[in-house]
Amino acid sequence: MSGTFPEHGRPWSELAAEMAALKRDDLDWRRGRHAAYVWHASDDVEHVAQQAYTLFMTENGLGAPRAFPSLRRMEGDVVTMLRELLHGDAQVCGQMTSGGTESIFVATHAAREWARRRRPEVAVPEIVASWSAHPAIDKAAHYLGMRVVRVPWRADFRADVGAMAAAVTPRTVMLYGSAPAYSLGLIDPIADLGLLAQERDVWLHVDACVGGVLAPFVRDLGYPVPAFDFAVPGVASISADLHKSGYAAKGASAVLFRDAEHQACSRYAFDDWPTGLYSTLTMAGTRPGGAIAAAWAVMHFLGAEGYRGIARTVMATRQRLADGLARIGHGLHVWSDPELYAVAYGGDAVDILAVADALAARGWWPGRVREPRGIHLMITPVHAPVIDEYVDDLAAAVSEARAAGAAALGAGRAGGMRGAASAPRYN
Ligand SMILES: *Cc1c(COP(=O)(O)O)cnc(C)c1O
């Protein structure tokens with residue numbers, strides 16, 4: 001054999017060294033340089049996740065019900081713990097998936113099937129969402145032969161429920177709310193969406209991917225977090241990522257349903273092939289046992305106390321960022337009033353995307369938001385020890401950007417977002 005496929009195997013020690021070296025140019029998240037992608041609570045939590053993952057790395061969630069009662073048990077526990085956090089009664093049920101995208105896909109598929117049984121005449125079922133919704137819903141709709149109708153948001157960048165109501169048609173099968181939305185970290189008015197969903201008899205999905213696990217603990221600390229979960233009548237399903245604010249290993253999210261009847265619509269079953277019945281509640285077939293085990297272990301390792309500690313740290317860090325912005329001045333501020341630890345900041349007097357470039361030159365990896373222009377940050381515990389350094393660098397970046405040009409602020413960037421070096425992108 002020639003080319004890159006090796007003829008002879010190599011010792012692990014050599015590979016481990018090579019792989020460690022490969023990380024050299026990666027995002028330096030251990031020093032909090034990142035704005036997204038990585039959720040690291042502490043080395044202890046990472047160790048627990050790693051050990052638990054390894055313990056079940058070879059087991060397969062596809063066979064969980066019969067072959068791996070261990071995984072069935074842990075997945076059941078994880079769902080039950082989330083159900084309690086999200087104010088579900090005993091009817092609420094759910095399944096673990098590989099991530100937010102799959103959870104949203106599974107919920108959307110269920111909503112489509114739910115509607116199909118009641119309104120089979122709808123050829124292309126529609127989903128009404130605010131402009132701030134995560135693209136995972138569009139991706140799901142694309143795969144599922146559905147259509148997303150995005151509605152302009154309110155002045156405070158939250159979902160405009162009146163406008164969403166006006167966008168509901170006989171083809172609408174799902175309303176979609178975020179708690180919070182990715183870009184600005186704002187929780188949509190879920191209670192109003194719940195009323196609308198009941199009034200129009202459509203499925204309401206709450207995308208709590210980024211907030212679902214930790215938001216209840218932020219609320220415990222006394223921060224005002226509005227009801228966004230099963231406490232709201234009309235909510236049919238919720239997605240919550242364990243590999244984000246659950247601080248579990250990657251490949252772990254959950255989708256919860258109001259009751260077994262809603263969940264049943266997420267099942268795919270087929271039996272016209274030699275092996276007989278194939279039936280799953282997820283898009284994935286084979287599912288990593290490690291991701292289930294790591295989520296279970298991290299939730300038990302941290303407990304409510306541990307998650308409250310994380311919530312306290314990230315909310316205090318958010319405050320230090322906000323104070324830093326106020327000190328820097330020039331009208332810099334967090335956009336709107338995010339409830340949690342995901343924020344974006346900017347200001348009309350500063351070319352914030354030029355500031356992002358200057359921050360990047362200083363070794364940070366700023367998230368970028370296009371509208372309103374801003375720098376995005378998902379605050380995690382690793383950001384706490386570096387937030388002052390971040391704010392200092394930000395102050396320098398702002399001076400630099402201001403010196404570099406009032407010129408860029410006006411005409412330059414307005415029409416040219418797409419081609420600009422700092423044009424925001426998600427990945
Ligand atoms: C991250 C995220 C998703 C998608 O989750 P993945 O785990 O990346 O698939 C969906 N919605 C929101 C609000 C998110 O933050």
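This report describes the ligand site and the aromatic contacts of a predicted model.

## Basis of the model

Local features require pLDDT of at least 70 and side-chain atom pairs pLDDT 80 or more, while totals for chains, interfaces and linings use all residues. Residues are numbered from 1 along each chain as its sequence is written, and side-chain values use heavy atoms, without hydrogens and water.

## The ligand site

Around the ligand there are 14 residues, of which Gly100, Thr101, Asp207, His243 and Lys244 come nearest; a residue is near if one of its heavy atoms lies within 4 Å. A polar side-chain atom of Thr101 is 2.5 Å from a ligand oxygen atom. For His243, the distance from a side-chain N or O atom to an oxygen atom of the ligand is 2.9 Å. The protein buries 88% of the 380 Å² that the ligand exposes when taken alone (Shrake-Rupley method, 1.4 Å probe).

## Aromatic pairs

The whole structure contains 11 aromatic pairs, that is, rings of Phe, Tyr or Trp (its six-membered ring) with centres within 6.5 Å. The rings of Trp114 and Trp203 are edge-to-face, because their planes lie at 75° (planes over 60 degrees apart count as edge-to-face, under 30 as stacked and the rest as tilted). Their centres are 5.8 Å apart.

Trp114 is buried at 15% relative accessible area, and Trp203 is buried at 2% (buried means under 20%, exposed over 50%, partly exposed in between; 1.4 Å probe, protein chains only).

## A charge over a ring

Arg118 lies over the face of Trp114, 3.6 Å from the ring centre. This arrangement requires NZ of Lys or CZ of Arg within 6 Å of the ring centre and within 35 degrees of the ring normal.

Definitions and conventions
A polar contact is a pair of N or O atoms within 3.5 Å; within protein, one must be able to donate a hydrogen and the other to accept it, and residues adjacent in sequence count only if both atoms are side-chain atoms.
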